[in-house]
Amino acid sequence: QVQLVESGGGLVQPGGSLSLSCAASGIDSIYLMGWYRQAPGKQRELVATLDLGGRREYGEFVKGRFTITRAGAQDTVYLRMTSLKPEDTAVYYCYGFDSAEFQGYDYWGQGTQVTVSS
């Protein structure tokens with residue numbers, strides 16, 4: 001069974017930085033890993049993804065403030081967030097996508113709370 005386990009959320013002041021990590025288990029490798037977030041009363045939205053080919057995608061709101069990387073045989077994904085704003089407050093979910101035998105599989109972590117507040 002594939003599991004994605006996040007860590008690193010917490011409370012940070014506006015303008016501060018925070019790093020999130022997510023480790024996958026139960027699978028040799030995941031083609032694409034990344035992060036989504038959901039704020040209260042809003043839809044879940046893309047933060048960043050990174051595939052095994054090195055292709056990155058960021059949400060429009062990121063504007064150079066966040067960096068996604070992968071390591072550890074590609075089964076761990078990191079999100080470095082800088083210049084955080086109160087509107088970045090949300091639950092951040094680790095996401096993974098892979099395919100086998102022409103079928104796609106989505107994987108989600110349990111979520112980690114990020115709160116940006118003074």
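Guide: Let us begin with D51, which in this predicted model lies in strand β5, a strand made of residues 45-51.

Visitor: Is D51 buried or exposed?

Guide: Burial is read from relative accessibility, with under 20% as the cut-off. D51 has a relative accessibility of 7%, and therefore counts as buried.

Visitor: Which residues is D51 in contact with, once its neighbours within four places in sequence are left aside?

Guide: D51 is then in contact with Y31, L32 and R70. With Y31 there is also a polar contact between the two side chains, at 3.2 Å.

Visitor: Which residues have the most contacts inside the largest nonpolar core?

Guide: That core has 27 residues, and those with the most contacts inside it are W35, F66, L79, M81 and Y92. Among the elements that give two or more residues to this core are β4 (32-38), β5 and β9 (90-100), while the largest share, four residues, comes from β3.

Visitor: In what order do the strands of the open sheet stand?

Guide: Four strands form this sheet, in the order β1-β3-β8-β7, with antiparallel pairing. Because β1 (3-7) and β7 each have a single partner strand, they stand at the edges, and one side of each is left without a neighbour in the sheet. Direction ignored, neighbouring strands of this sheet are turned by 15 degrees against each other on average.

Visitor: How many bridges join β3 to β8?

Guide: Six bridges join these antiparallel strands, and the bridge partner of S19 in β8 is R80.

Terms used
Residues are numbered from 1 along each chain as its sequence is written. This is a predicted model: local features need pLDDT of at least 70, side-chain atom pairs count only at pLDDT 80 or more; totals for chains, interfaces and linings use all residues. Side-chain values use heavy atoms; hydrogens and water are left out. Buried means under 20% relative accessible area, exposed over 50%, partly exposed in between (1.4 Å probe, protein chains only). A polar contact is a pair of N or O atoms within 3.5 Å; within protein, one must be able to donate a hydrogen and the other to accept it, and residues adjacent in sequence count only if both atoms are side-chain atoms. Contact means heavy atoms within 4.5 Å. A nonpolar core is a set of buried Ala, Val, Leu, Ile, Met, Phe, Trp, Tyr and Cys residues joined through side-chain atoms within 4.5 Å. Two strands pair if DSSP finds at least two bridges between them. Axes are lines fitted to C-alpha atoms, for helices over the stretch in contact, and angles run from 0 to 180 degrees between N-to-C directions.
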